[in-house]
Amino acid sequence: MSTTETSLMNQQLDALLYEETNLIANLANASALIKTTDTNLNWAGFYLYNSKTDQLDLGPFQGKVACMHIKSGAGVVGTAFDEQSSRRVADVHQFPGHIACDSASNSELVVPITKDGRKIGVLDLDSPDLDHFSAAAEAEMVEFVTILTQHID
């Protein structure tokens, strides 16, 4: 995928969320779209930032049950959020401080979500495969989050 080419999934996201700005509704449909597009994920969803507790709370997702709260800076999710940078981890068992919400997860991709300087949360993807997420997949999901933020208030 070239940098000027939008993937079919990202085009579908933009069309799916057309004229809808409700955060929960859009995150729910976005997680369903990801999970049905990449069938080798065991979890696709969102954690939302709670400024009162300085932690990430479980948001809409597709997949197995998940951790309900993750502290900012903890594990792959909290680190990506705290540093406001995407994290692509080939083997989560080698990541210092990894939080094992699902022992079947072996690789992970996390992309922070911000809008107008406001930290909203993260997109979190888990796969049972080691090294499931490529650099191209990371770029696609960064674009996915950019499109998503255009459809939320």
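Start by selecting Leu148: leaving aside its neighbours within four places in sequence, Leu148 is in contact with Leu13, Leu17, Asn26, Leu27, Ala30, Phe46 and Ile113. Contact here means heavy atoms within 4.5 Å.

Before you go on, a word about the model. It is a predicted one, in which local features need pLDDT of at least 70 and side-chain atom pairs count only at pLDDT 80 or more, while totals for chains, interfaces and linings use all residues. Residues are numbered from 1 along each chain as its sequence is written, and side-chain values use heavy atoms, with hydrogens and water left out.

**Stop 1**

Buried means under 20% relative accessible area, exposed means over 50%, and partly exposed lies in between (1.4 Å probe, protein chains only).

As a general background, nonpolar side chains tend to be buried together in soluble globular proteins.

**Stop 2**

Now select residues 43–50, strand S1. Six of its eight residues are buried, so S1 is largely enclosed by the rest of the structure.

Pick Ala44, which is found in S1. Is Ala44 buried or exposed? Its relative accessible area is 0%, so Ala44 is buried. Leaving aside neighbours within four places in sequence, Ala44 is in contact with Ser31, Ile34, Lys35, Phe61, Gln62, Asp124 and Leu125.

Two strands pair if DSSP finds at least two bridges between them. Tyr49 has Leu56 in S2 as its bridge partner. S1 and S2 form a hairpin with four residues between them, and in the turn Asp54 has a positive phi of about 50°.

Then show strand S6 (residues 118–127). Six bridges join S6 to S1, and the two run antiparallel. In S6, Gly121 is the bridge partner of Leu48, and Asp126 is the bridge partner of Trp43.

**Stop 2: the whole sheet**

Zoom out to see six strands forming an open sheet in the order S3-S2-S1-S6-S5-S4, with antiparallel pairing. Which strands stand at the edges? They are strand S3 (69–71) and strand S4 (87–89), each with a single partner strand, so one side of each is left without a neighbour in the sheet. Neighbouring strands of this sheet are turned by 25° against each other on average, direction ignored. Axes are lines fitted to C-alpha atoms, for helices over the stretch in contact, and angles run from 0 to 180 degrees between N-to-C directions.

Bring in helix H3 (residues 75–83), which packs on the sheet and touches S1, S2, S3, S4, strand S5 (107–115) and S6. The direction of H3 makes about 35° with that of S5. Helix H4 (residues 135–149) also packs on the sheet, touching S1, S4, S5 and S6, and its direction makes about 30° with that of S5.

**Stop 3: two salt bridges**

A salt bridge is a side-chain nitrogen of Lys or Arg within 4 Å of a carboxyl oxygen of Asp or Glu; by this rule the count comes to two.

Select Glu138 and Arg88, a salt bridge with its closest N and O atoms 2.9 Å apart. Glu138 lies in helix H4 and Arg88 in strand S4, so the pair ties together parts that are 50 residues apart in sequence. Glu138 counts as buried at 18% relative accessibility, whereas Arg88 counts as partly exposed at 39%.

Finish with Glu83 and Arg87, a salt bridge with its closest N and O atoms 2.3 Å apart. Glu83 is partly exposed, with a relative accessible area of 45%, and Arg87 counts as partly exposed at 24%.
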